[in-house]
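Here's a quick briefing to read with the model open beside you. Take a look first, then work through the points below.

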Amino acid sequence: MRLLLALLLAVVAFAQDPREIFRRSVEKDQVNRALRQQYTFLEKSVEKEFDTKGKPKKTESTVHDVSILYGHQFRRMIEKDGKPLSAKDEQKEKERLEKFTAKWAHETPEERKKRLAGREKNREKETAFLREIPDAYDLRLVGQEKVDGKDTWVIQAEPHPGYRPKVSEAKYLAKIHGKIWIDKAEYQWVKADAETIDTISFGLVLFRLYKGSRLQFEQARVNDEIWLPRLQRIQAGARIGIFLKASYDGVTTYENYRKFQSDSKIVTVAEEK
């Protein structure tokens, strides 16, 4: 009886180990990655820039219809700054579609094989990056919360001193901390809220995220088979180029997910009417 109790306690402790929870979430996400290419959706973005005094300087918004053509995602802008596209912008989108179609409509078997291999390579790189997180961070289970009706574990992630990344992209992890909410039933990320604790430079210092920038991410279950992004947000003090300095708030939401149909087609705004 004591042995059975000890085994049960060990199972419970293992199930609530934040490192194990996170590792399982990464492996579970592989199912999502295989299914994501089967979905089309609407992508709505609002980008705001503020001057050094925090006053709005520039606001831009777009809506893109993201479809699947010839095995690729094609992002077609259908709205700009809250209005339908002008004739000029509509023509640009039409020309983009024509170039896209010309490039992929007559893909050879060899080209398709190469494309799929490249996609798989990128997927492996993304997975390798995610698998780095349990080593890059000290993970701590800080609570349990209900989010959108789902029971979740709340895990605090703090950079692990002395961590050495195995993949180049993981070098940024040492400058970010935050919390992750993971669904108890399916080990999927429900949301994440992260903050930079040091300046992060991308490229040849052409773009920087300063300390205190905030990164948010949310997912939702779709069609009772897959978890897909619902929201991404970046609130940042950033520098672009050498001289331009600005505060930035960018929100992208994803909605109207629908399973791709082989007879789907892209139509113009005029045809939609």
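In helix H4, Arg115, Thr127, Leu130, Glu132, Ile133, Pro134 and Ala136 are buried, where buried means under 20% relative accessible area, exposed over 50% and partly exposed in between (1.4 Å probe, protein chains only). Keep in mind that this is a predicted model, where local features need pLDDT of at least 70 and side-chain atom pairs count only at pLDDT 80 or more, while totals for chains, interfaces and linings use all residues. Residues are numbered from 1 along each chain as its sequence is written, and side-chain values use heavy atoms, with hydrogens and water left out.

**Helix H4**
- H4 covers residues 109-136, and its 28 residues reach 40 Å from the first C-alpha to the last.
- That's close to the 40 Å expected at 1.5 Å a residue; the expected span is 1.5 Å times one less than the number of residues.
- Helices (H or I, at least four residues) and strands (E, at least two) are DSSP runs, numbered from the N terminus.
- What do the buried residues of H4 pack against? They pack against helices H2 (18-36) and H3 (87-104), plus strands S3 (72-80), S5 (137-147), S6 (150-159) and S8 (189-196).

- S2 (residues 56-69) pairs with S3 in the antiparallel sense, over 8 bridges; two strands pair if DSSP finds at least two bridges between them.
- Val63 has Glu79 in S3 as its bridge partner.
- The hairpin of S2 and S3 has 2 residues between the strands, and Tyr70 in the turn has a positive phi of about 55°.
- S3 and S4 (residues 83-84) run antiparallel, joined by 2 bridges, and Lys80 stands opposite Lys83 in S4.
- Their hairpin also has 2 residues between the strands, with Asp81 at a positive phi near 50°.

**Pro84**
- Pro84 is found in S4, and it is exposed, with a relative accessible area of 60%.
- Pro84 and Thr62 are 22 residues apart in sequence and 9.8 Å apart in space, C-alpha to C-alpha.

**The second largest pocket**
- Its lining is made of Arg33, Arg36, Gln37, Arg119, Asn122, Arg123 and Glu126.
- On a 1 Å grid over the protein atoms alone, a pocket is an open set of points where a 1.4 Å probe fits, with protein on both sides within 12 Å along at least five of seven lines, and lining residues have an atom within 4 Å of a point.
- H4 gives the most to the lining of this pocket, with 4 residues.

Definitions and conventions
Contact = heavy atoms within 4.5 Å.
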